[in-house]
Amino acid sequence: MKKHIIGNWKMNGMQSHLTEIQKIDEIAALFDNIMTGLCVPATLIYSAHKDKKAVIIGAQDCHQSKEGAHTGCLSAAMVKEAGAKMVILGHSERRQDQGENSRLVSQKADAAIDNNITPIICVGESLAQRESGQAEKIVSEQLLASLPSNKPQKMIIAYEPIWAIGTGKIPQMEEVREIHEVIFRLLTQKYGDAANDYPILYGGSMNGENASELLKLAHVDGGLVGGASLTADKFAPILKAASQNS
Ligand SMILES: O=C[C@H](O)COP(=O)(O)O
């Protein structure tokens, strides 16, 4: 499987940042043995996806319903029409800020799949859960409850320990390896051989310095990158590391 490196721009990015996306696209085109993605704010999806050589544009959320009275929300069909090919679902920031639970994430994953958008389903434990030895249990429960109703053709899972997001801290490599193995095992139990087609990404303070070591681990099929995806200068070393470890 190709390594997948997907940037999550979160609530960052104005029209003036389209030039940075252009630069990232130029660099991504140099590494054709990996998949490079950028999940941008909804306001940038349309402009960002136009005329791209390599980078795949995604959204950061979609509503679970097809349409209706949901002020301020965007359906999967809407983000698809704007140009999104994938959508981040259940990011811990949304689980926390918007109170999203795994059942809702599963419904959103169904909506994404119905519209041929690849769901990127995020799971991860808090620091308290990690320190009390519950990381594996929490991630397993979250994962199983967040999966779509039916076996998807395409799906990406992102393991993001909450305490590693934006903090500069990452788990021990062995801890990352263990959780990725657990995720792969659960996917295999549920989907059989199809589990080999679902990339499992690591997210949380991935950068040009730690990417190579992380991407060498078994079942670490790529990264979901926040801060280090905002500029081509910081993103490029991660793409290079992924290409070298593909
Ligand atoms: O979705 C991306 C993650 O939240 C990681 O963010 P970060 O790379 O800034 O720690």
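Predicted model: local features only at pLDDT ≥ 70, side-chain atom pairs only at ≥ 80, totals over all residues.
How many residues surround the ligand, and which are the closest?

**View 1. The shell around the ligand.** The ligand is surrounded by 14 residues. The closest of these are Asn8, Ile165, Gly203, Gly226 and Gly227. By residue class, the shell comprises eight polar residues, five nonpolar residues and one charged residue.

**View 2. Positions annotated as "binding site".** An unreviewed UniProt entry assigns the feature "binding site" to Asn8, Trp9, Lys10, Gly166, Ser205, Gly226 and Gly227. These positions are spread over 220 residues of sequence, yet they cluster in space, with a largest C-alpha distance of 14.0 Å. Asn8, Gly226 and Gly227 of this annotation are also listed among the closest residues to the ligand.

View 3. Asn8 belongs to strand β1, which covers residues 3–8. Lys10 is located in the loop between β1 and α1. Lys10 counts as partly exposed, because it has 19 C-beta neighbours inside 10 Å.

**View 4. Helix α2 and its covering elements.** Helix α2 spans residues 42–49, and its residues Leu44, Ile45 and Ala48 are buried. These residues lie on the same side of α2, because they cover an arc of only 125° around the axis. The elements covering the buried residues of α2 include α1 (18–28), β2 (34–39), β3 (56–59) and α3 (76–82). Asp51 follows α2 and has a positive phi, near 55°.

**View 5. Helix α10 and its packing.** Helix α10 consists of 13 residues, 232–244. From its first C-alpha to its last, α10 reaches 18 Å, close to the 18 Å expected at 1.5 Å a residue. Which residues of α10 are buried? They are Phe235, Ile238, Leu239, Ala241 and Ala242. Their arc around the axis is only 160°, so they are on the same side of α10. The buried residues of α10 pack against β1, α1, β2, α9 (211–215) and β8 (222–225). Among these partners, β1 is the strand in which Asn8 is placed.

Terms used
Residues numbered from 1 in each chain as written. Near = placed C-beta within 6 Å. Nonpolar A, V, L, I, M, F, W, Y, C, P; charged D, E, K, R; others polar. Buried ≥ 20, exposed ≤ 12 C-beta atoms within 10 Å, placed from the backbone. Helix = DSSP H or I, 4+ residues; strand = E, 2+ residues; numbered from the N terminus. Arc of directions from axis to C-beta. Contact = placed C-beta atoms within 7 Å. UniProt positions renumbered as here; feature names shortened; annotations may be inferred. Expected span 1.5 Å × (residues − 1).
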